[in-house]
2 protein chains.
Amino acid sequence: MALTRQDCERLDAEDPLAGSRDAFALPDGVVYLDGNSLGARPRHAAARVADVVEREWGQDLIGSWNTAGWFDLPVRLGDRLAPLIGGGPGSTVVTDTTSANLFKALAAALALQHDAEPRRTVVVSERDNFPTDLYIAKGLTDLLDRGHELRLVDGPEDLAGALDERTAVVTLSHVNYRTGALWDLAEVTRQVHAAGALVVWDLAHSAGALPIDLLGADADLAVGCTYKYLNGGPGAPAFLWVNPRHADARQPLTGWWGHARPFAMEDAYEPAPGVTRFLGGTQPVVALTLVGCGLDVAERADLAAVRAKSLALGDLFLALVEERCADEPISLVTPRQHDRRGSHLTFSHPEAYAVVQALIARGVVGDYREPDCLRFGLTPLYLRFVDVYDAVEAIADVLATRAWDDDRFKVRSAVT
Amino acid sequence: MALTRQDCERLDAEDPLAGSRDAFALPDGVVYLDGNSLGARPRHAAARVADVVEREWGQDLIGSWNTAGWFDLPVRLGDRLAPLIGGGPGSTVVTDTTSANLFKALAAALALQHDAEPRRTVVVSERDNFPTDLYIAKGLTDLLDRGHELRLVDGPEDLAGALDERTAVVTLSHVNYRTGALWDLAEVTRQVHAAGALVVWDLAHSAGALPIDLLGADADLAVGCTYKYLNGGPGAPAFLWVNPRHADARQPLTGWWGHARPFAMEDAYEPAPGVTRFLGGTQPVVALTLVGCGLDVAERADLAAVRAKSLALGDLFLALVEERCADEPISLVTPRQHDRRGSHLTFSHPEAYAVVQALIARGVVGDYREPDCLRFGLTPLYLRFVDVYDAVEAIADVLATRAWDDDRFKVRSAVT
């Protein structure tokens, strides 16, 4: 029997996370399915940013480094973020960009291997990884110019064949940015360690969306993003985690904030203990403060409930698409199995770009990814089951009426 | 004849920059002499940040990458900043931290030399440079592990002796963070080029405080800070400039934003033309927006007038200190000559830390730097001549009454 909007209203009424939607300021008339790209604004972020700009900066000026605790922000935010990734205390900082953090993490991992087993010079990643991650790996190994090789696999089934006595580091995105496919973090970590290599995880598309247990898996290093499922604001500073057993890890972007005695202004660099040594230059305090607002909301939610709702939203989405769009050339790209998918669904369609634009014009905001992908992010903290229902109604209507076949939906904008 | 407060009021009445003070929200009862560490808040920053958080992020969400122009922000802000450093269009970006930008700039410069003259493996800097700059140079050359040497000079008079056929790059802070000493940017650039080396300038303590002509001097690369004299907010993203004749320069932090086609998600990294290739990861948009507020004010000011007032404020400060504190153990560290000093004055005093705290307790906010330095930043856009008068009155009183000799002023806080 076909699912009705009333069925969805019933699911919302029973949703233990329904209350968390109130924590966000969402525009009227919009179904926002792009929280996997830019998370929505926590409601209290407006008052908080006014306070940091007007009082902390404007009134208290330089004194806020002490009185408002600016100096500890990267570490304090890291400690608040750690439970969401199973990181443990003192092992996470919020700083810089995901790209810069990946550069630092890979440099640290390669240096550990170089000291221990110099013949290990292969970096393994996924061919379909977020391109920046591959560019960063290449940028670093080109800079090192020591004969490193980048070896790309097509998926989990190929990983074993890429691990050998020359493998130094494996770096993977926990959830693929395009397809939404999820790697088994614990199993891959075990597999990589068994081969004598280290693993650097990019949690950009998983942190805040599903339970992660870095320490439980005994992973080596991880980086990730705070402006997707962690709702830290556009381009908010990223995070970096290092397993405490890698206390000797060194990174090359050695700025004052990572020094053991940052205000002594000593001639020689001595890295701070623990993850603090992964800090470098002065961080954008106002942006960091907004990361705190995102964490205020995230840390109140049970990640198991978040994950359960994410999968339920996804199952509903799939069932509705299959019911309403059966005759359209739209196909699921994301793996269907629960244990193989993250928190967004990707479909292919020959006119994907124009379809996304036509949907946005109707207030259903997903996004497009090359070459033919429609992405829909499912963010359990503020998305309702009725939103999914309404979104698929719009998709079905756009496809059935060929609403996308309008020139204005085919003009590519600067950011796609 | 002794200078009176009335004399200072007269100077303020005649000050062509007097009106710019209104552009800033300054706390009552404070003489702020730390704009060289954290610039004051432009008044309109409060409304602007509310707009970017509430409308651009909260309402328009992901669409703001296009509609609010987020995607072009680093380049647009760079083009607005360029006239303040004589940079020319298309050669400056606002991104990342000064430390990360210095890492990229030094890596690019060393790569240019490596390709052209591989025997050049010496990096020259100043022993008393901002420690992070030296740490970054060391972090980079340690990472490269190709036998680079860091050669430190004590000042301009020693530079010639450090330049030879092995010198690859000279990196200097235009104005020394501690002493306020100013290097002759044009002359040093000429001298470095004559020796076949490249120069990377750190303009952290000069950008916005005095006229700079990078293109006129034909400098190679430069980095700098937007949260000091450019009033971009605490820890605001930094800038990087590259001379257009170095179109081939490459940097290793190769993220999506520096790609020739950033949304094509191509497997291979191809650097964008020009300075855009120095971008990498996604930047903190809210913090970038505040940089724009600082530039709104800075770009309305004539930098020649800013410099003239900065020197006049400094001369007044010195004359008053010499008049009122003649019997105290306080000595000028900053070079006295106009062409050898930046926009802050540094004095030494055996109890410098406690003196600074006692002054802050009276609303005169300077700062302390190891081992015995009092720093006073002179920011012509919002500092009045009467402020200098009042500040020196407070200094004279604190010293004469030994107000600093109070235990509560001697307790070191986290940030000094």
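This is a predicted model: local features need pLDDT of at least 70, side-chain atom pairs count only at pLDDT 80 or more; totals for chains, interfaces and linings use all residues.

Modeller: Residues are numbered from 1 along each chain as its sequence is written, chains are lettered from A and ligands numbered from 1 in the order in which they are written, and side-chain values use heavy atoms, without hydrogens and water.

Colleague: What rotation superposes chain B on chain A, and what relation is that?

Modeller: Superposition is by least squares on the C-alpha atoms of residues with pLDDT of at least 70 in both copies. The shift along the axis is 0.0 Å and the RMSD is 0.0 Å. The rotation is 180°, which is the relation of a two-fold axis.

Colleague: Which residues touch the most other members of the largest nonpolar core?

Modeller: A nonpolar core is a set of buried Ala, Val, Leu, Ile, Met, Phe, Trp, Tyr and Cys residues joined through side-chain atoms within 4.5 Å; buried means under 20% relative accessible area, exposed over 50%, and partly exposed in between, with a 1.4 Å probe and protein chains only. The largest core has 209 residues. The members touching the most others are A:W201, A:L203, A:L214, B:W201, B:L203 and B:L214.

Colleague: With which residues is B:L214 in contact, leaving aside its neighbours within four places in sequence?

Modeller: Contact means heavy atoms within 4.5 Å. On that criterion, the partners of B:L214 are B:I85, B:G86, B:L185, B:W201, B:L203, B:A219, B:A222 and B:W241.

Colleague: Which residues of strand 8 of chain B lie on each of its faces, and are they buried or exposed?

Modeller: Helices (H or I, at least four residues) and strands (E, at least two) are DSSP runs numbered from the N terminus, and strand 8 of chain B spans residues 198–202. One side carries B:L198, B:V200 and B:D202, and the other B:V199 and B:W201. On both faces these residues are buried.

Colleague: Where does B:D202 find its bridge partner in strand 9 of chain B?

Modeller: Two strands pair if DSSP finds at least two bridges between them. Strand 8 and strand 9 (residues 221–224) of chain B pair in the parallel sense over three bridges. In strand 9, the partner of B:D202 is B:V223.

Colleague: Why is helix 10 of chain B described as largely enclosed by the rest of the structure?

Modeller: Helix 10 covers residues 285–298 and reaches 20 Å from its first C-alpha to its last. It is largely enclosed because the buried residues number 13 of the 14.

Colleague: Which strands stand at the edges of the four-stranded open sheet in chain A?

Modeller: The strand order is 11-12-15-14, with antiparallel pairing. Each edge strand has a single partner strand, so one side of each is left without a neighbour in the sheet. The edges are strand 11 (331–332) and strand 14 (367–369).

Colleague: What is omega for the cis peptide bond from A:E370 to A:P371?

Modeller: A:P371 lies in the loop between strand 14 and strand 15 of chain A. Most peptide bonds are trans. The bond from A:E370 to A:P371 is cis, with omega near -5°.

Colleague: What is the phi of A:N231?

Modeller: A:N231 is in the loop between strand 9 and strand 10 of chain A, and at 2% relative accessibility it counts as buried. Although A:N231 is not a glycine, its phi is positive, at about 55°.

Key. The expected span of a helix is 1.5 Å times one less than its number of residues.
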